[in-house]
Amino acid sequence: MKKRFIISILVIMVLALSSMTFAGTEYAKDVTVAICGHGLEAESCQRDFQQVKIECAHRDWEFIDAMTVRDPAQQRETMETLIQKKVDAIVIIYWDMEAIADLILKATEEGIGVYCVDTEVKPGVIVSCTQNNAVAGALMSYWGIQRLNERGKVAIFSGKWHIMRRRAYVAATLFERDWPAIELVAEEFLPLVGYEDSAFNVAVNWMTKYGNDLDWIFAGWDTPGQYAARAIEQAGFDKDDIFVTGIDGGSAVYSMIRSGSPFVATVSQPFEYYVHTVFEVINQVEMGIGPDHPDSLVPPGRVIYATPYVTDETNVPEPGSSIHAVFGYYGMDPDDPDAWFNWQDAGGPYKIQ
């Protein structure tokens, strides 16, 4: 294995944060926002929820908590209740959008704005903010190619669902068509249910088949990468023999990166930025600037894409740090007391665990 090739990656946010504040500190009055999600087990959902609480408290908006509504039938019932309550805005995080598609249109007819955070857009949704998954896959691919000095063997963990396959397809295309000395030796499509055990078992098989002739495992998301790293260590190898990368970011993988495990890098999603951006759009709509207004933040496709950030051994923050440190405070002054990422309402920014 080649010695680690250290690079710095300059990442520019698709939208400058300075453009994401409407009318300075002027906020709409008497706004009720319902927050709908499928649970709080995932750290990403915990981060989303904390930012929601900060946004509502800072703007003096009321919010209704529906963050643990799981099955589609419950989600439909909750949507119907919120429509009857005539809330001003419904923010959806990872619900079954197909199951509630007709209710989104019903809410729109009732004058209720429906917004998404990192969730599929259906007709009637005003906006969603997320990352471009192809961009995330490309960022991680370029990082790994540089680490290998453009030569080595790589295997991919992918999935059939669109988020994962788009990340992995970009990587596979780059390896196979543009870097002839990067050899793609295996690609595994993991199941939606039970992918943890599947990832571990497949990685164990790769260790048996390739040993440290394999240089890199590209995981389309972090969790299978974590299990692959354990399989590598179980086989007696370390990060200088075989390294693993993921996509999404979070406290668990940051801990692995800091500890020197084979999991060495991830592409971190700025979930808080997604939430803040959606709330800026809600504020615009409640102030009379709809999505079709020339001053609206909403693009024609109704999706605002934010660029994710590569996190590796060179820039992984310590536990207890503000989550915004992962993103370099978006190129802004980290000590600016008025910046949205320093708002201390509702307990302040999420801290890295």
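Trainee: Which hand does the crossing of α4 and α5 have?
Mentor: This is a predicted model. The axes of helix α4 (residues 133–147) and helix α5 (residues 162–178) come within 8 Å. Their crossing is right-handed.

Trainee: How are α4 and α5 oriented: roughly parallel, roughly antiparallel, roughly perpendicular or oblique?
Mentor: The two axes cross at roughly 40°. Angles under 35 degrees would count as roughly parallel, and 65 to 115 as roughly perpendicular. The angle of roughly 40° therefore makes α4, relative to α5, oblique.

Trainee: How many residues of the contact of α4 with α5 are charged?
Mentor: From α4 come Asn133, Ala134, Gly137, Ala138, Ser141, Tyr142 and Ile145. The α5 side includes Arg166 and Arg167, along with Val170 and Leu174. The contact divides into nine nonpolar residues, three polar and, as charged residues, two.

Trainee: What is the strand order of the open sheet?
Mentor: The sheet has six strands with parallel pairing. Its edge strands, each pairing on one side only, are β2 (62–66) and β11 (303–305). Neighbouring strands are turned by 20° against each other on average, direction ignored. The order is β2-β1-β3-β4-β5-β11.

Trainee: Which residue in β5 is the bridge partner of Val114?
Mentor: Strand β4 (residues 113–117) runs parallel to strand β5 (residues 125–130), and four bridges join them. In β5, the bridge partner of Val114 is Val125.

Trainee: At what angle to β5 does helix α9 run?
Mentor: Helix α9 (residues 271–286) lies across β1 (32–37), β3 (89–93), β4, β5 and β11. Relative to β5, the helix runs at about 155°.

Trainee: Is Ile104 buried or exposed?
Mentor: Ile104 sits in helix α3 (residues 101–109). Leaving out residues up to four places away in sequence, Ile104 touches Met79, Met97, Val114, Lys122, Pro123, Gly124 and Val125. Buried means under 20% relative accessible area. With a value of 0%, Ile104 is therefore buried.

Trainee: How many residues of the contact of α2 with α3 are charged?
Mentor: Helix α2 (residues 72–85) and α3 pack at about 5°, with their axes 10 Å apart, and that angle makes α2 roughly parallel to α3. The contact is made by Arg76, Met79, Glu80 and Ile83 of α2 and Asp102, Leu103, Ile104, Lys106 and Ala107 of α3. Five of the contact residues are nonpolar, none is polar, and the number charged is four.

Methods. Residues numbered from 1 in each chain as written. Predicted model: local features only at pLDDT ≥ 70, side-chain atom pairs only at ≥ 80, totals over all residues. Heavy atoms only, no water. Pairing = 2+ DSSP bridges. Helix = DSSP H or I, 4+ residues; strand = E, 2+ residues; numbered from the N terminus. Axes fitted to C-alpha atoms, helices over the stretch in contact; angles between N-to-C directions. Contact = heavy atoms within 4.5 Å. Parallel < 35°, antiparallel > 145°, perpendicular 65-115°, else oblique. Left-handed = near helix turned anticlockwise from the far one by under 90°. Nonpolar A, V, L, I, M, F, W, Y, C, P; charged D, E, K, R; others polar. Buried < 20%, exposed > 50% of the residue type's maximum accessible area, 1.4 Å probe, protein only.
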